[in-house]
Amino acid sequence: MATKIANPFVVGRYISAEYFCDRREETEFLKKSVENGRDVAIISPRRLGKSGLIEHFFASDFVRDEYIPIFIDIYATSSQSELISLLGHAVFRAMLNEKKSYWRKFVESVKSLRPNISIDPISGQPSFGISAATITEPELTLNEIFTFLESAPRPCIIAIDEFQEISTYPEERTEALLRTLVQRCNSTRFIFAGSAESMMNNIFNSPKKPFYQSCLTLGLKPIPLEEYTRFAMNLFADYGKQATPEIIAEVYNSMSGITWFVQMMMNELFAITPAGAVTDSASLPVAEKNIIGVQEFSYRELMSRLSPRQRVLASFLAREGAVQNITSGSVLQASGFPSTASLQSALKGLRAHGLITTTGTHTALYDHFFARWLSTQPQY
């Protein structure tokens, strides 16, 4: 193993292949798609590891040797201008790693931006100064950026995470504009990733939408338990500790195999297991209590921002887990809502707060730890 880190169960970021579990088939799928000139849409529930998969793919020798990887997360964007600002900065940073002249060529290519370029007097590194407010001609600027990408010194791979956000922009032509620009690219490949299943399916699988059948679709599933067990046991052993298959399976199953939550539990279990010891079942409630304890203030603050009916629905989902056909009559009766309209309104509010996930016909609170905490709070 390469340089060891304090806790090998990494949460929320990518470090290296040594601390990344499986996804061999998915990584090979991305490689084959790029090699054959195909764009890919990755659709998965939140926290299942789509961002980590992209970063793992970008860290591969295949990408590093042949391509320029560019990765942006547009979850917090709300307009074309904010998307362009993120993309412009990302392309600029990527060109800094190429020949010195290419960052200058990029700046010269985006004439509509008029970016403020400054040079750090200590490092000598240039910085690219633009903001969404300074972008006055977004369609023209996007066209300039995409035109430049085709002239880059090596083919580019553009990964856009939480791509479904483009459907919420006030500019109605965003999907059509991006589809047109993507379609014109010959050497640049695209990976569109999203965690809102219904929105992503609407963008890529609806015949009325510009991106219809424009990409191969990769639907992520949980890492197989056998693979994760092997991975976790090896990491414990590498650090002079032990974890049994039974404990790992209990964590995995209790978190429905969702990567982020499984990793968080394993991170805490590793932290509280002494060197040379074996983690046991008595450690599980301790680990969960520790994780929830750190977040409890945030959970209470979150509940204070919900309406009374949203709190009722959140509590119902916390108690019941994944609920099938949430607007059905039986659910309406069990949850105590006076009407379907009131339940749908509460559901819409929880979705706006990013609290729920829908997979197929099942709806649940996406944060397992929040759900565990809320199920023990009678006041809600």
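Which strand do four bridges join to E5, and in which sense do the two run?

**Entry 1: ground rules.** I am working on a predicted model, where local features need pLDDT of at least 70, side-chain atom pairs count only at pLDDT 80 or more, and totals for chains, interfaces and linings use all residues. Residues are numbered from 1 along each chain as its sequence is written, and side-chain values use heavy atoms, with hydrogens and water left out.

**Entry 2: strand E5.** I looked up the opening question. The partner is strand E6 (residues 189-194), and E5 and E6 run parallel. Helices (H or I, at least four residues) and strands (E, at least two) are DSSP runs, numbered from the N terminus. Two strands pair if DSSP finds at least two bridges between them. In this pairing Ala-159 has Ile-191 of E6 as its bridge partner.

I then checked E2 (residues 68-73). Six bridges join E2 to E5 (residues 156-161), and these two run parallel. I noted two bridge partners: Ile-70 goes with Ile-158 of E5, and Pro-69 goes with Ile-157 of E5.

Next I looked at burial. Buried means under 20% relative accessible area, exposed over 50%, and partly exposed in between (1.4 Å probe, protein chains only). Six of the six residues of E5 are buried, so E5 is largely enclosed by the rest of the structure. I sorted its residues by face. Cys-156, Ile-158 and Ile-160 are buried on one side, and Ile-157, Ala-159 and Asp-161 are buried on the other. In a regular strand the side chains alternate between the two faces of the sheet. E2 has one covered face, with Ile-68, Ile-70 and Ile-72. Its uncovered face holds Pro-69, Phe-71 and Asp-73.

**Entry 3: the sheet with E12.** I found an open sheet of three strands in the order E10-E12-E11, with antiparallel pairing. E10 (323-324) and E11 stand at the edges with a single partner strand each, so one side of each has no neighbour in the sheet. E11 (residues 356-359) and E12 (residues 362-365) pair over four bridges in the antiparallel sense. Ile-356 stands opposite Leu-365 of E12. Two residues lie between the strands of this hairpin, and Gly-360 there takes a positive phi near 65 degrees.

Entry 4: Which residues other than glycine did I find with a positive phi? Most residues other than glycine have a negative phi, and most peptide bonds are trans. I noted Gln-213, with a positive phi of about 55 degrees. Gln-213 sits in the loop between helix H8 (197-205) and strand E7 (216-219). Its relative accessibility is 62%, so Gln-213 counts as exposed.

I also noted Ser-256, where phi is positive and near 55 degrees. Ser-256 sits in the loop between helix H10 (245-254) and helix H11 (259-272). At 46% relative accessibility, Ser-256 counts as partly exposed.

**Entry 5: Thr-229.** Is Thr-229 buried or exposed? I found 11% relative accessibility, so Thr-229 counts as buried. Thr-229 lies in helix H9 (residues 225-238). I set aside its neighbours within four places in sequence. Thr-229 is then in contact (heavy atoms within 4.5 Å) with Pro-245 and Ile-248.

**Entry 6: the whole chain.** I counted 16 helices and twelve strands in the chain. Buried residues make up 49% of the 380 residues. The C-alpha trace spans about 60 × 55 × 40 Å along its principal axes.

I checked the radius of gyration, taken over C-alpha atoms; the globule rule is 2.2 Å times the number of residues to the power 0.38. A compact globule of 380 residues would have a value near 21 Å, and the chain has 23 Å, which agrees.

Among contacts with a separation of 6 or more, 71% join residues 24 or more positions apart. The accessible surface (Shrake-Rupley method, 1.4 Å probe; for residues, only the protein chains shown count as cover) comes to about 18300 Å², and 50% of that belongs to carbon and sulfur atoms.
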